[in-house]
Structure formats: structure tokens, C-alpha cells
Amino acid sequence: MTTNWTPNHGQAFAPVPYRPERMPAEQSLHTAADLRARMDERRTVRMFSTDPVPEQAVLDAIAVASTAPSGAHQQPWTFVLVKNPEVRERIRAAAEEEERISYAGRLGDEWLDALRPLGTDDVKPHLTDAPALIVVFQQRFYLEPDGTTRKHYYVDESVGIAVGMLLTALHLAGLAALTHTPSPMKFLSEVLDRPRNEKAFAVIPVGYPADDCVVPDLVRKSLDQVLVVV
Ligand SMILES: Cc1cc2nc3c(=O)[nH]c(=O)nc-3n(C[C@H](O)[C@H](O)[C@H](O)COP(=O)(O)O)c2cc1C
């Protein structure tokens, strides 16, 4: 699919009508309640089957993510879909090297305490077991082919929203995912040969849970614990 996207810097305001059909309230209630129940079933998976996933479903989820709102509509993201087993091996080796240092003390006691209930450690089999990795990069600034740069605005917020939509789309398509942030993530730019304006944001293994998959027994905050109505 091709689009006529170009950086919108300096373009004139060109409004077009937007008149989506209004959903009846009853249907909104039903749809929202259904989505709430389905999203409550989403869990971060760290134990993956090696079974392949339907690739188009992953591509569609990435396309969903790229519909996210973004500061000044700059869509400051790149999604690298890593299927190649050798590249996944290299990512795992580099990630485990960083994680060994992190878990050996770099994170500090408070962070390690916060992670304890999740049962995570420096061994990351999901990076090679899951059949695909989506490595999300933030475009910290826009880089013209001739090397000219332009500022991007609200990059963290924009990419965070896009990743939220990606995780939602993957889950609703029946796929499991993990938001993995091996720190520091500079090795991802090197292994994946990304340009200098891009910074890794997260590695998202995608697949199906292993037959013996377990997840931490977490309790989520209730709506009244996160909501203030004034
Ligand atoms: C920004 C962010 C970074 C995360 N980094 C990691 C990570 O590096 N490794 C990991 O195992 N889980 C990571 N997670 C997953 C969280 O631990 C998980 O979302 C949380 O424990 C809640 O579990 P749930 O997703 O099953 O509801 C991360 C999640 C987020 C949002």
C-alpha cells in the first residue's frame, strides 16, 4: 500500500469534512463493555511457543499502531519486524549481556525489588522463541535524505500511544506480546542498522503463549482507584 505522506512542515491548513455515522448509545455501551472485558484478558507473556503467527495479522496491528495520534502529526515511529532467526539470536545475545549487568546490580535495589513479583531475570528465551519481534524506534527528529534535520514534538508521548494501540491490536487479533525494554537499548540500533535519528523504544516479541506458559498473579487497580470525576 502506498500513501502520499510527506512531512507536513509549513503546509497550509486544508480541512476536509469528517462526519462519521453516530453510534447509537446502546451500541456504544455494548461495544465498550465488550472491549473492557476483552482487554482485561490481556497479559504480558514471557513464555512463547515457537509456532508461527499469521504475518498479515502482525502487519495489520502495526498499521493500526501507525494510525495513532502524534504531536504535529509527525508520526515519529519506525517498526522493525524481525523474523530472521539469526538476527533474533543476535538481539537475544546482546540483550542478555545488558540484562546480566542490570540484574547484577545496575538497576539498584529499589528497582530489583519492584521486579521481584514478576519473576523476571537476565535470561530472555522469548527473544528467540517468539516467531517475530517488533522493535519500535522513536524518530527523535526528522532526517531528510540530504541530512537536513527537523524537530519532532512530543515523541515519547506519541510513540507510547502508538505502542499501546499496537498491543491492543495484537491482543484483539489473538496474539500474545511482551513489552521488553532491555536497558540500555543502543545495541538495537547497531544490530538493525537504524539511522542516527532513531532510538529504540521497546522490543515486542509476538506469538502464542507456550503450552506451559504461566504469568504472575497480578491484581489490577479498580476503576475507582484510577478515576477522578469532577
Ligand atoms: C514501558 C514498559 C516496559 C516494560 N519492560 C519490561 C521488560 O523489560 N521486561 C519484562 O519482562 N516486562 C516488561 N514490561 C511488562 C510489565 O512488567 C507488565 O506490563 C506488567 O507487569 C503488567 O503485567 P500485564 O501486562 O500482564 O498486565 C514492561 C511494560 C512496560 C509498559
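These legends walk through several close-up views of one predicted protein model.

**Before you start.** Residue numbers start from 1 along each chain, in the order its sequence is written. Because the model is predicted, local features are reported only at pLDDT of at least 70 and side-chain atom pairs only at pLDDT 80 or more, while totals for chains, interfaces and linings use all residues.

**View 1. The whole chain.** The protein has eight helices and six strands; these are DSSP runs, with helices being H or I of at least four residues and strands E of at least two, numbered from the N terminus. Along the sequence they come in the pattern α-α-β-α-α-α-β-β-β-α-β-α-β-α. The C-alpha trace spans about 55 × 55 × 40 Å along its principal axes. Of the 230 residues, 26% are buried; here a residue is buried if 20 or more other C-beta atoms lie within 10 Å of its own, exposed if 12 or fewer and partly exposed in between, with C-beta atoms placed from the backbone. Among contacts between residues at least 6 apart in sequence, 83% join residues at least 24 apart, a contact being two C-beta atoms, placed from the backbone, within 7 Å.

**View 2. Helix α1, hardly covered.** Helix α1 takes in residues 25-40, and at 1.5 Å a residue its 16 residues should span 22 Å, which agrees with the 22 Å between its end C-alpha atoms. The expected span is 1.5 Å times one less than the number of residues. How many of its 16 residues are buried? The count is zero.

**View 3. The largest nonpolar core.** This core has 39 residues, and L133, V136 and V206 touch the most other members. A nonpolar core is a set of buried Ala, Val, Leu, Ile, Met, Phe, Trp, Tyr and Cys residues joined through C-beta atoms within 7 Å. At least two residues each come from α2 (55-65), β1 (77-82), α3 (85-106), β2 (132-139), α6 (155-172), β5 (176-177) and β6 (198-207). With eight residues, α6 gives the most to this core. For a closer look, follow V206: setting aside neighbours within four places in sequence, V206 is in contact with V53, V58, A130, A132, I134, L170, L175 and A177.

**View 4. Helix α6 and its cover.** The 18 residues of α6 should span 26 Å at 1.5 Å a residue, in agreement with the 26 Å between its end C-alpha atoms. Its buried residues are V155, S158, V159, A162, V163, L166, L167, A169 and L170. An α-helix has 3.6 residues a turn, so residues three or four places apart point the same way. The cover over the buried residues of α6 includes α2, β1, β2, β5 and β6. After α6 comes G174, with a positive phi near 85°. An unreviewed UniProt entry annotates residues 159-178 as "transmembrane region"; such annotations may be inferred rather than shown by experiment, and their positions follow the numbering used here, with feature names shortened. Over residues 159-178 the chain is 70% helix and 10% strand, with end C-alpha atoms 16 Å apart.

**View 5. Around the ligand.** Which residues are around the ligand? They are R43, T44, R46, L118, T120, L178, T179, H180, T181, V215 and L218, where near means a C-beta atom, placed from the backbone, within 6 Å. The shell divides into four nonpolar, five polar and two charged residues; Ala, Val, Leu, Ile, Met, Phe, Trp, Tyr, Cys and Pro count as nonpolar, Asp, Glu, Lys and Arg as charged, and the others, Gly among them, as polar.

**View 6. H126 in helix α5.** H126 sits in helix α5, residues 126-129. Is H126 buried or exposed? H126 is buried, because 23 other C-beta atoms lie within 10 Å. Leaving aside neighbours within four places in sequence, H126 is in contact with R46, F48, L178 and P205.

**View 7. Backbone angles worth a look.** Most residues other than glycine have a negative phi, and most peptide bonds are trans. H73 has a positive phi of about 50° without being a glycine, and Q75 likewise has a positive phi of about 40°. H73 counts as exposed because it has 12 C-beta neighbours inside 10 Å, whereas Q75 is buried with 21 other C-beta atoms within 10 Å. Elsewhere, the peptide bond from S183 to P184 is cis, with omega near -5°. P184 is in the loop between β5 and α7 (186-191).
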